[in-house]
Amino acid sequence: MRHFLEFEKPIAELEEKIDELRRATDVDGLDLADEVGRLQEKVEKLLAGTYAKLTPWQKAQVARHPDRPKALATIQALIQDFTPLAGDRAFADDHAIVGGLGRFRGRAVMVLGTEKGTDTESRVERNFGMARPEGYRKARRLMELAGRFNLPILSFVDTAGAFPGIDAEARGQAEAIARAIEAGLEAPVPFVATIIGEGGSGGAIALAAADRVLMLEHAIYSVISPEGCASILWRDAAMAPTAAEALRLTAEDLKRLQLIDAVVAEPLGGAHRDPAAALVAVGHAVWAALTPLLDQDGATLKAKRREKFLEMGRNAIV
Amino acid sequence: MNWISDWALPKIQGLFRREVPENLWHKCSSCEQMVFHKDLERNLHVCPHCGFHNRIGAEARIDITLDEGWQKIELPKAPADPLRFRDQRKYGDRLREAQLKTGMDDAIMVAHGAIEGRAAVVAAFEFSFQGGSMGAGVGEGLVAAARLAVLQDAPLIVFPASGGARMQEGAVSLMQMPRSVIATRMVKEAGLPVIIVLLDPTTGGVTASFAMLGDIQIAEPGALIGFAGARVIEQTVREKLPEGFQRAEYLLEHGILDMVVHRQEMKPTLARLLSLLREPQILAEPAPLALASPNA
C-alpha cells in the first residue's frame, strides 16, 4: 500500500482510477490507453501544482514521509564497499547513527548518517533516528578517524532531533553534541552534509557543521520541530502549521538566508514518489559540492569553514 | 573359526585402525559434533556445524592472514626473568618449558608480508605460550613490529590473545602497558593505520593497553574480551553475570568494537579496510546518468 499524505488525496483518487482502468484493459481487453494517458497527464499537472506551492507544514509532512529514502538507503545507493564502523568506545553502539568507510565514485570517504528506520522493527531499533550521546560520540570518533586518513566526510541527516531521555542526559547528551559539532568544524578534510529529510536541531547540526550543506527540496531544517515550537511559544501543539511557517524551515528559505549552500531538486511529487531518481540527484549534487574541495588542504578547509559559519546569519534577512 | 576370522580380519581391522587414528576426528567443544580434522583445517579451525572459533597458534594466524611468502622477523632479546621470580616453580623453568613446547622465544610472533597484495606488518600472540601473557619479551615484539611498520610504511595489524600482563615479571610487565601504547602511537603518528583483531581470550593488562587503541577494532565471533576475569567480578559484585557477558558480540553492542568478523571473512575484510584507508582513489564506476526529473 502506498502511503498518501492528506493533501495528496486528489492525486491518490486519480491514480486509483488509472489503476482501475488498467485492470479493465487487462481483464476485458478494452483499449483505454487514451483515457489512461489523459488521466496521467492530469495527475502530473496536479502533482506539479500541489508540489510547487507546498506550505512549510506540508513540507514537514513530505520530509517525514515513510517512503522517503532514508540515510541507509542513500548510502546504499551512493556508496560502494560500505564498511560500517561501530561504537563510541565507551558505552554503546547507537543504531540511530550509522557510519563507516566506503567509496563514493571511486573516492574513499567516511560516511555518516542519522537513520530513522523503514518499518516498525527497524524504527524501534534505530530509536526513530533520535541519537543518544554514544551516537554523537561515534560520529565524532569517525570524523576524527577521517581526519587521520585524509578521507572526505559525507553526512546524510534525517532526524527529528537528539533523543530527549533521562539516560541521554545522564551521559551528557549536550556535551556529546557539542563535541561532534567541534569535530566537524575541526576536520582537516572536505565535509559535505546533506539534509535529506528532517534536520532537527542539535541532533542535525552535530553532523552538519560542514564545508557545504545541501538540502533536498522538500526537506526541513530548524532549531526545533514545528510541534515543539508551537507547544512552547503558542502553548498549543496544534499550532504546528503556524510555527512551521514562522520558523522558515524550508530549503528555499534557508538558501535565501544563506544558511545552506544548495537545494537539490526532487522528482515530481517528492522523493518518496521516485526514490531512485531522488538519490541519483543527491549523488550528483554531493559530487558537485565535493570535487572543488578535494584539492584544498586541511588548514584552508578549516579556515574557510570557520569563516563561513562566522558569517552566517549576520546579513540574513528573509 | 577359520583363517579369515583368526588372522585376516584382525589384520585388516588393524590396517584401518592405523589409517583412522582417533586424533583425525575433532569433537567440537561447543556443539560436541564430530568434525573430520581435514575439514576443520580447511575451515580455518571454525566448527562447520556451529561456527565455533577454535583457538589457533600465532604462526597459523599469520599464515591465514598474509599472502604466501611472508617473513617472520627476529625479535630483540628481552631480559628473561628480571625478578628471578619463583612461585611453586621457577619462572625461568616455566619459560624454558614454554619455549620448548611452542618453539618460540616468547608469546608473540611478528611477520611482514602482504594482505591481498597490500603490504602489512602482523603481530600475533601465541596463547599456548604462558597464556599469551605480556612481559618484556612481548613488549619488545610489539615495539619491533611498530618500528618495522613505520620503516616499511605499512599498517600494523595485531592479533592479541592473552590472559594479560605476565605476573612473573611484576612491574616490568606492568610497564609493557605504556610501552605497547607507545608502539601504537608510533605507527599512528606516521599516518599509518593500526588495526586490532581481538581473539579469544584477550583480558587484563593487554586489553587495558594497546589492544583497545586500534584505529579499527575487530574481534572474532564469541571471543572473550574484558578487563577483569568473570570469576573475580562475580565474587566482587555477588551477582550472576548476564548471558554473553564479555563476549565479542556484547562488546560490539557496548560500543567497544567496530565489527565482529568471521575468521573466513577476516582476510578480505582487512584487505578492504586497508584499501579504503590507504588508497584514496580507485577507478570510479561511471556515475549514473541523471534521470530527467520533470521539475529538476
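A search of the whole structure, which is a predicted model, finds 43 salt bridges over all chains. Side chains of opposite charge can pair when their charged atoms come close. One such pair lies within chain A, where A:E266 forms a salt bridge with A:R68 and the closest N and O atoms are 2.7 Å apart. This pair links distant parts of the chain, for its two members are 198 residues apart. A:E266 belongs to the loop between strand 8 (262–264) and helix 13 (275–294) of chain A, while A:R68 belongs to the loop between helix 3 (56–63) and helix 4 (71–78) of chain A.

Attention may now turn to the place where the two chains meet. Chain B contributes 36 residues to the contact and chain A contributes 34 residues. Between them, an area of about 2800 Å² is buried, and carbon and sulfur atoms give 56% of this area. Three salt bridges are counted between chain B and chain A. In one salt bridge, the side chains of B:D258 and A:R89 meet, with a distance of 2.5 Å from N to O. The count of residue pairs in polar contact between chain B and chain A is 18, with both residues at pLDDT 80 or more.

Which elements of chain B each supply at least two residues of the side that touches chain A? They are strand 8 (216–219), helix 10 (248–253) and helix 11 (263–278) of chain B. Helix 11 of chain B gives the most, with five residues. By class, the side of chain B that touches chain A is made up of 20 nonpolar, nine polar and seven charged residues.

The next topic is empty space. Rolling a probe the size of a water molecule over the atoms shows where empty space is left. In this model, the count comes to three cavities of 30 Å³ or more. The largest cavity holds about 50 Å³ of space, and its lining includes A:A160, A:E198, A:S201, A:Y221 and A:L249. Strand 5 (191–200) and strand 7 (220–222) of chain A each supply at least two residues of this lining. Six of the lining residues are nonpolar, five are polar and one is charged.

A:S201 is not a glycine, although its phi is positive, at about 60 degrees. A:S201 is found in helix 9 (residues 201–205) of chain A.

The second largest cavity has a volume of about 40 Å³. Its lining consists of B:R61, B:I64, B:T65, B:R263, B:M266 and B:K267. Helix 3 (58–65) and helix 11 of chain B each give two or more residues to this lining. Two of the lining residues are nonpolar, one is polar and three are charged.

Of its 23 lining residues, B:L75, B:P76, B:K77, B:D105 and B:D106 lie nearest the centre of the pocket. Helix 4 (91–102), strand 4 (108–115) and helix 5 (136–152) of chain B are the elements that give two or more residues to the lining. The lining divides into 13 nonpolar, three polar and seven charged residues.

B:D200 and B:P201 are joined by a cis peptide bond, with omega at about -15 degrees. B:P201 lies in the loop between strand 7 (194–198) and helix 8 (204–207) of chain B.

Methods
Residues are numbered from 1 along each chain as its sequence is written. Chains are lettered from A and ligands numbered from 1 in the order in which they are written. This is a predicted model: local features need pLDDT of at least 70, side-chain atom pairs count only at pLDDT 80 or more; totals for chains, interfaces and linings use all residues. Side-chain values use heavy atoms; hydrogens and water are left out. On a 1 Å grid over the protein atoms alone, a cavity is a set of points where a 1.4 Å probe fits but cannot get out, and a pocket is an open set with protein on both sides within 12 Å along at least five of seven lines; lining residues have an atom within 4 Å of a point. Helices (H or I, at least four residues) and strands (E, at least two) are DSSP runs, numbered from the N terminus. Ala, Val, Leu, Ile, Met, Phe, Trp, Tyr, Cys and Pro count as nonpolar, Asp, Glu, Lys and Arg as charged, and the others, Gly among them, as polar. Contact means heavy atoms within 4.5 Å. Buried area is the accessible area (1.4 Å probe) that two parts lose on being put together, summed over both. A salt bridge is a side-chain nitrogen of Lys or Arg within 4 Å of a carboxyl oxygen of Asp or Glu. A polar contact is a pair of N or O atoms within 3.5 Å; within protein, one must be able to donate a hydrogen and the other to accept it, and residues adjacent in sequence count only if both atoms are side-chain atoms. Grid points are joined across faces, edges and corners, and a volume is the space filled by probe spheres set on the points.
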